[in-house]
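Work through the exercises below with the sequence and the model side by side. Try each task before reading its solution.

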Amino acid sequence: MHRLIYKAWIGLAGWLISSWSCAVLAEQSITPTVLDFQLSCDPDQCRTPVLEIHEDTGAGASSFEYVFAPPPGITFNPDHATGVEVDGGGDTHYVLAVAAGPHWVKCKWLAKAQPGGDKGLAKGYCWIEIKK
């Protein structure tokens, strides 16, 4: 009888320890960050804000992609979209309009560090023509 009680206590203790370790090791939920970037438009084109990314590790690359929607009542001309890099450095760096449609434009900023040299930097904006 004592042996059964002893085994029951060991089983209960094992279950409590495993439950506690699972709770401690469980991943915390990630809170999403919403980036509220807005396009600036004139009668001919819309452009993104000037954004800047850095690659400060000295070895890797950092990139950032974002899809922008037009303000109400504006349709884009997807054939006339580009990126403008106003400052850059490192190995590879650019700002590009990588894809576009009548109701969106997707831009990419990339900065790659020069191995053993300059850190990466890409600063600039994308623009897209408004369809008349």
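The exercises go from the overall fold to single residues.

This is a predicted model, in which local features need pLDDT of at least 70, side-chain atom pairs count only at pLDDT 80 or more, and totals for chains, interfaces and linings use all residues. Residues are numbered from 1 along each chain as its sequence is written, and side-chain values use heavy atoms, with hydrogens and water left out.

**Exercise 1. Describe the secondary structure and the surface of the protein.**

Step 1. Helices (H or I, at least four residues) and strands (E, at least two) are DSSP runs, numbered from the N terminus. The protein has 1 helix and 8 strands, in the order α-β-β-β-β-β-β-β-β along the sequence.

Step 2. Buried means under 20% relative accessible area, exposed over 50%, and partly exposed in between (1.4 Å probe, protein chains only). Of the 132 residues, 24% count as buried.

Step 3. Accessible areas come from the Shrake-Rupley method with a 1.4 Å probe; for residues, only the protein chains shown count as cover. The accessible surface is about 9000 Å², and 58% of this belongs to carbon and sulfur atoms.

Step 4. Contact means heavy atoms within 4.5 Å. Among contacts with a separation of 6 or more, 70% are between residues 24 or more positions apart.

**Exercise 2. Find the strands that pair with strand 7.**

Step 1. Two strands pair if DSSP finds at least two bridges between them. Strand 4 (residues 61–68) and strand 7 (residues 104–112) run antiparallel and are joined by 8 bridges. Within this pairing, Y66 stands opposite C107.

Step 2. Strand 6 (residues 93–101) also runs antiparallel to strand 7, with 8 bridges between them. A hairpin of 2 residues connects strand 6 to strand 7, and G101 has W104 as its bridge partner.

Step 3. Take K108 as an example from strand 7. K108 counts as buried because its relative accessible area is 18%. Not counting residues up to four places away in sequence, K108 touches S63, F64, E65, Y94, V95, L96 and V98.

**Exercise 3. Locate the largest nonpolar core.**

Step 1. A nonpolar core is a set of buried Ala, Val, Leu, Ile, Met, Phe, Trp, Tyr and Cys residues joined through side-chain atoms within 4.5 Å. The largest one has 17 residues, of which C46, F68, F76, V105, C107 and W109 touch the most other members.

Step 2. Strand 3 (51–55), strand 4, strand 7 and strand 8 (120–130) each give two or more residues to this core.

Step 3. Look at V105, leaving aside neighbours within four places in sequence: its contacts include Y66, F68, F76, A81 and I128.

**Exercise 4. Classify the aromatic pairs F37–Y66 and F64–W109.**

Step 1. A pair of aromatic rings is described by the distance of the centres and the angle of the planes. Rings of Phe, Tyr and Trp (its six-membered ring) pair if their centres lie within 6.5 Å; planes under 30 degrees apart count as stacked, over 60 as edge-to-face and the rest as tilted. By this rule there are 6 aromatic pairs.

Step 2. F37 and Y66 are edge-to-face, at 5.0 Å centre to centre and 70 degrees between the planes. F37 lies in the loop between helix 1 (2–25) and strand 1 (40–41), and Y66 in strand 4, 29 residues apart. F37 is partly exposed at 25% relative accessibility, whereas Y66 is buried at 19%.

Step 3. F64 and W109 are tilted, at 5.8 Å centre to centre and 55 degrees between the planes. F64 is in strand 4 and W109 in strand 7, so this pair ties together parts 45 residues apart in sequence. F64 is partly exposed at 22%, and W109 is buried at 0%.

Step 4. Ring pairs link F37, F64, Y66, F68 and W109 into a cluster.
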